[in-house]
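Thank you all for coming; I would like to walk you slowly through one structure today.

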Amino acid sequence: MLNNHFYHAAIRRTIAAFGSIFNDIKVVRTDADGEVKQITRVPLAYGPRQKFLARLEEQQDILAPAVAIKLPRMSFEITSLIYDSTSKLNKMNKITRAVIGDPTSKSVVYTCAPYKMGIQLSIMAKNQDDALQVIEQIMPYFQPEYTITINEIPEMNIKGDVPIVLNGVTLSDDYTGDFMTRRAIVYSLDFELRVRFYGPVKTQSIITQSSVDINDGDTFGFLEEVTANGTVDPIVLGIDEVDNNIK
């Protein structure tokens with residue numbers, strides 16, 4: 001069963017779609033008169049927040065000549081992957097698409113295996129106002145979900161709507177150093193979304209001939225065999241046509 005290689009990049013596509021939602025958030029800094037002095041685009045990267053916080057700890061002194069990590073910034077990572085039994089469908093269901101350029105074949109894939117994936121988005125900032133600006137650009141769109149469409153299997157044109165649910169927000173501010181130590185305020189947003197895993201896409205032949213034996217029970221027995229070649233259309237080959245052939 002597991003001897004055929006296939007890869008639909010389900011998690012990769014989901015992660016890319018999730019990251020694209022937050023890749024254009026900006027922080028605006030103003031002076032006392034409300035005049036805009038600086039507009040900063042918040043960087044976004046995939047990875048655990050501990051990796052970025054470790055770089056901050058390497059440069060405890062803000063006057064050190066080494067290049068420091070830029071704040072604010074965001075990172076996100078997968079935190080869980082659990083089977084979603086509530087979305088389970090009959091595993092024998094199939095999705096079928098015609099093969100372009102080959103009228104005698106069709107592409108077939110069985111129904112997906114649904115999973116719930118947890119993703120944590122971390123917002124790191126050196127002051128509270130920067131962090132709150134980022135938070136306020138995210139929260140209004142999740143009430144509590146935001147739905148995106150993912151092209152799950154491009155070759156079969158299978159697209160699915162994926163609701164991204166915001167489950168909660170937590171704040172971490174462990175600043176206990178002096179005024180010369182860099183500070184990191186971290187907001188963690190926990191999201192949950194669905195990932196659908198499909199099996200291999202197989203090619204099957206299309207039925208081009210259908211034969212029907214017409215019987216009349218015990219009175220006359222076998223009456224006639226009706227054969228249809230080419231594409232079988234149940235509307236064309238209906239009851240009226242069968243009755244006329246019998247007569």
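Let me begin with a definition: rings of Phe, Tyr and Trp (its six-membered ring) are paired here if their centres lie within 6.5 Å, and a pair counts as stacked with planes under 30 degrees apart, as edge-to-face over 60, and as tilted for the rest. What you see is a predicted model, in which local features need pLDDT of at least 70 and side-chain atom pairs count only at pLDDT 80 or more, while totals for chains, interfaces and linings use all residues. Residues are numbered from 1 along each chain as its sequence is written, and side-chain values use heavy atoms, with hydrogens and water left out.

With that in hand, the structure holds ten aromatic pairs. One of them joins Phe 18 and Phe 191, which are edge-to-face, with 5.3 Å from centre to centre and 75° between the planes. Phe 18 belongs to helix α1 (residues 10–21) and Phe 191 to strand β10 (residues 185–197), so this pair ties together parts that are 173 residues apart in sequence. Helices (H or I, at least four residues) and strands (E, at least two) are DSSP runs, numbered from the N terminus.

Phe 191 also pairs with Phe 22: their ring centres are 5.8 Å apart and their planes stand at 50°, so this pair is tilted. Here again distant parts of the chain are linked, since Phe 22 sits in the loop between α1 and β1 (26–30), 169 residues from Phe 191 in strand β10. Taken together, Phe 18, Phe 22, Tyr 46, Phe 76, Phe 142, Tyr 146 and Phe 191 form one aromatic cluster.

In one of them, Glu 152 meets Arg 196 at 2.7 Å, N to O; Glu 152 lies in strand β8 (residues 145–153) and Arg 196 in strand β10, so the pair ties together parts that are 44 residues apart in sequence. Glu 152 is buried, with a relative accessible area of 11%, whereas Arg 196 is partly exposed at 26%.

Another salt bridge joins Arg 41 and Asp 24 at 3.6 Å, N to O, and it links strand β2 (residues 36–41), which holds Arg 41, to the loop between α1 and β1, which holds Asp 24. Arg 41 is partly exposed at 46% relative accessibility, as is Asp 24 at 49%, and these two residues and Lys 26 are linked in a network of salt bridges.

Finally, I would point you to Val 28, which is in strand β1 and is partly exposed, with a relative accessible area of 32%.

Methods: Buried < 20%, exposed > 50% of the residue type's maximum accessible area, 1.4 Å probe, protein only. Salt bridge = Lys/Arg side-chain N within 4 Å of Asp/Glu carboxyl O.
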